[in-house]
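Hello,

Here is the structure you will be working with. Please have a look at it first, then read the notes below.

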Amino acid sequence: MRDLADTFEANLKVERAQGALKNPEGRQKTIDLEINRLETLIIRSVDLSARLAQYVNDLEIGVPIQLSPLFQRDHRLRLLLRAFAPNPSEAIAESQSERSSYPPVTLNHLWEIWGIAWIAKQLRGLGFSGICSLETIKSVKRCSWHLERDGVVIKLDFEAEPAFIDYEHMPPVHERAVPALEWAARHQKINSDRPFLGSEEKCSPDYLIRIITSTTSALLVGDASLASSEHHIPLKKNMKSKPQVVEKYRRTIGWAHGDQLIRCHPMGAFVVFPPPAQAWNELETIDHARDCMLLCPSPLDDAEASARLKTLLETIVPELGWRCNKLRTY
């Protein structure tokens with residue numbers, strides 16, 4: 001129970017830090033609900049810990065537990081074994097358990113996580129190395145990679161959730177003389193680990209990629225969609241496809257880097273779709289999103305998807321081209 005309370009405290013600290021930023025209304029409501037839930041759980045866990053402490057008998061705990069058939073007869077563990085007993089529906093099943101032991105994750109979320117892991121794997125294949133860090137303790141809500149090679153740094157952020165521009169406190173344009181994103185980068189509080197800003201209410205891309213070299217800094221934005229091409233390609237003019245959504249992200253999201261604001265590169269938009277790539281040909285020529293790269297990786301290491309990602313990186317930062325060619329030569 002103490003360990004559980006520590007986990008709640010760590011997650012609560014993360015949510016409060018995110019809630020202190022300027023967030024879109026819908027995201028702020030979700031954060032507030034999560035903060036309230038964690039605060040309630042902390043109070044309950046502390047209360048239960050205090051109540052359970054009254055029943056702890058140090059003398060009994062000091063007696064070793066026999067890891068043998070006697071284990072099931074140990075009076076100290078009978079209630080615990082009963083708590084972990086299978087449901088009647090599982091007890092009569094042929095398999096050991098009908099349920100997965102992994103946390104519940106929707107397929108679309110799983111595809112988004114797999115997409116960022118695939119990108120990281122491709123970068124490692126190009127000679128980059130580094131670490132992956134999780135923000136929350138028990139779930140993959142947000143994570144990031146910090147990869148380096150020969151002085152080039154690439155940072156991958158999953159579910160970065162850019163801060164929303166605080167328009168309420170922004171002076172009129174004749175007083176600030178700089179665009180809204182640049183003004184917010186200089187005057188607004190942002191997350192130091194995820195220093196991103198968005199000028200639209202909807203600014204939650206799945207992926208943000210930062211590339212830093214000795215001469216340039218670049219930002220790429222991407223999204224993932226586990227969908228069938230037959231149902232995803234818009235049938236009506238007022239429907240937006242995923243590439244069009246990502247193209248809007250590209251125009252409205254910036255990265256506060258030092259005293260600069262780095263906007264997304266004009267070619268720095270991509271979407272991770274399920275294979276095969278040929279199924280998405282129609283989206284490659286769609287209006288307002290023709291500069292969006294479509295990546296359709298397969299779990300079997302699709303060579304075409306890998307080549308497209310490499311082309312995208314070299315287009316954004318040409319310096320990466322000769323570095324990758326040098327790696328293949330060696």
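E314 is partly exposed, with a relative accessible area of 23%. In this predicted model, the partner of E314 in a salt bridge is K310, and their closest N and O atoms are 2.2 Å apart. Both residues belong to helix 11, and because they are four residues apart there, about one helical turn separates them.

The side chains of R308 and E304 form a salt bridge, at 2.8 Å from N to O. R308 counts as buried, because its relative accessibility of 16% is under the 20% cut-off. E304, at 34%, counts as partly exposed.

Another salt bridge links the side chains of D150 and R149, with 3.0 Å from N to O. Here R149 is buried at 14% relative accessibility, while D150 is partly exposed at 47%. The count for the model comes to 13 salt bridges.

As for the chain as a whole, it has twelve helices and eleven strands. Of its 330 residues, 43% are buried. The chain exposes about 19,800 Å², and 55% of that comes from carbon and sulfur atoms. Among contacts with a separation of 6 or more, 61% are between residues 24 or more positions apart.

Regards

Technical notes:
Residues are numbered from 1 along each chain as its sequence is written. This is a predicted model: local features need pLDDT of at least 70, side-chain atom pairs count only at pLDDT 80 or more; totals for chains, interfaces and linings use all residues. Side-chain values use heavy atoms; hydrogens and water are left out. Helices (H or I, at least four residues) and strands (E, at least two) are DSSP runs, numbered from the N terminus. Buried means under 20% relative accessible area, exposed over 50%, partly exposed in between (1.4 Å probe, protein chains only). Contact means heavy atoms within 4.5 Å. Accessible areas come from the Shrake-Rupley method with a 1.4 Å probe; for residues, only the protein chains shown count as cover. A salt bridge is a side-chain nitrogen of Lys or Arg within 4 Å of a carboxyl oxygen of Asp or Glu.
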